[in-house]
Amino acid sequence: MLGSHDDVADGVLRHLRERGETVATAESLTGGMVCAALVDAPGASTMVRGGVVAYVPEVKVQILGVDDQHIAAHGTVDGEVARQMAEGVRLRLGATWGIATTGVAGPDSSEGKPVGTVFVAVAGPGAFAVRELALSGDRMDVRRATTGAALSLLLATLEEQSTESAG
């Protein structure tokens with residue numbers, strides 16, 4: 001894995017640029033940090049379509065199209081919710097790729113899930129990936145680690161696709 005969020009974001013943007021593709025973010029606990037890491041790079045405006053901070057369930061349902069019945073049954077801190085967020089932001093913002101974060105940053109548990117329980121997801125053409133994380137540290141530590149994990153998941157997915165198409 002690369003050393004910093006900047007390195008990972010640069011790698012994501014390099015792959016997107018080479019492929020002529022775009023990305024959009026749907027974030028809960030990270031509150032825009034993933035999108036901010038992407039737009040810190042010069043030239044990001046040609047690849048970053050935008051982001052949605054979906055902090056409450058209603059925004060996840062009404063704006064991103066997450067299934068309200070699934071949230072009622074499983075809560076918002078859930079892998080399928082993360083996947084639906086990624087797919088929803090991708091479709092609604094017209095991006096090739098969607099990236100999403102949902103979880104518990106702390107200081108208290110939420111929905112019966114302990115602090116540090118996080119799901120990150122990416123969705124793209126014919127591909128999606130979801131990762132569950134069990135992170136430690138304070139609220140900012142969890143948010144930073146989630147940002148890095150989300151960007152790393154997208155980078156790994158893009159690299160895997162590039163390897164498959166080259167082989």
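I take helices (H or I, at least four residues) and strands (E, at least two) as DSSP runs, numbered from the N terminus. The model is predicted, so I ask pLDDT of at least 70 for local features and 80 or more for side-chain atom pairs, while totals for chains, interfaces and linings use all residues. Residues count from 1 along each chain as its sequence is written, and side-chain values use heavy atoms, without hydrogens and water.

**Entry 1: Asp78**

I found Asp78 in the loop between helix H4 (68-74) and helix H5 (79-92). Asp78 is buried and has no salt bridge. For burial I use under 20% relative accessible area; exposed is over 50%, and partly exposed lies in between (1.4 Å probe, protein chains only). A salt bridge needs a side-chain nitrogen of Lys or Arg within 4 Å of a carboxyl oxygen of Asp or Glu. Which side chain of opposite charge is nearest to Asp78? I get Lys113, 5.6 Å away. Lys and Arg count as positive, Asp and Glu as negative; His and the chain ends are not counted.

The Asp78 side chain does reach the backbone nitrogen of Glu80, at 3.0 Å. I then listed contacts (heavy atoms within 4.5 Å). Beyond neighbours within four places in sequence, Asp78 touches His70, Thr102 and Phe119.

**Entry 2: salt bridges**

How many salt bridges does the structure hold? I count four. Side chains of opposite charge can pair when their charged atoms come close.

I looked at Glu18 with Arg14, where the closest N and O atoms are 4.0 Å apart. The two are four residues apart in helix H1 (residues 5-19), so about one helical turn separates them. Glu18 is exposed at 59% relative accessible area; Arg14 is partly exposed at 39%.

Glu21 pairs with Arg19 at 2.8 Å between the closest N and O atoms. Glu21 is buried at 13%, and Arg19 is partly exposed at 26%.

Arg90 pairs with Glu87 at 3.3 Å, again for the closest N and O atoms. They sit three residues apart in helix H5, so about one helical turn lies between them. Arg90 is buried at 16%.

**Entry 3: helix H1**

H1 has 15 residues. What covers its buried residues? I noted strand S1 (23-27), helix H2 (33-39) and helix H6 (139-166) among the covering elements. The buried residues include Val8, Val12 and Leu16. Just after H1, Gly20 takes a positive phi of about 70°.

Terms used
Polar contact = N/O pair within 3.5 Å; in protein donor to acceptor, adjacent residues only side chain to side chain. Expected span 1.5 Å × (residues − 1).
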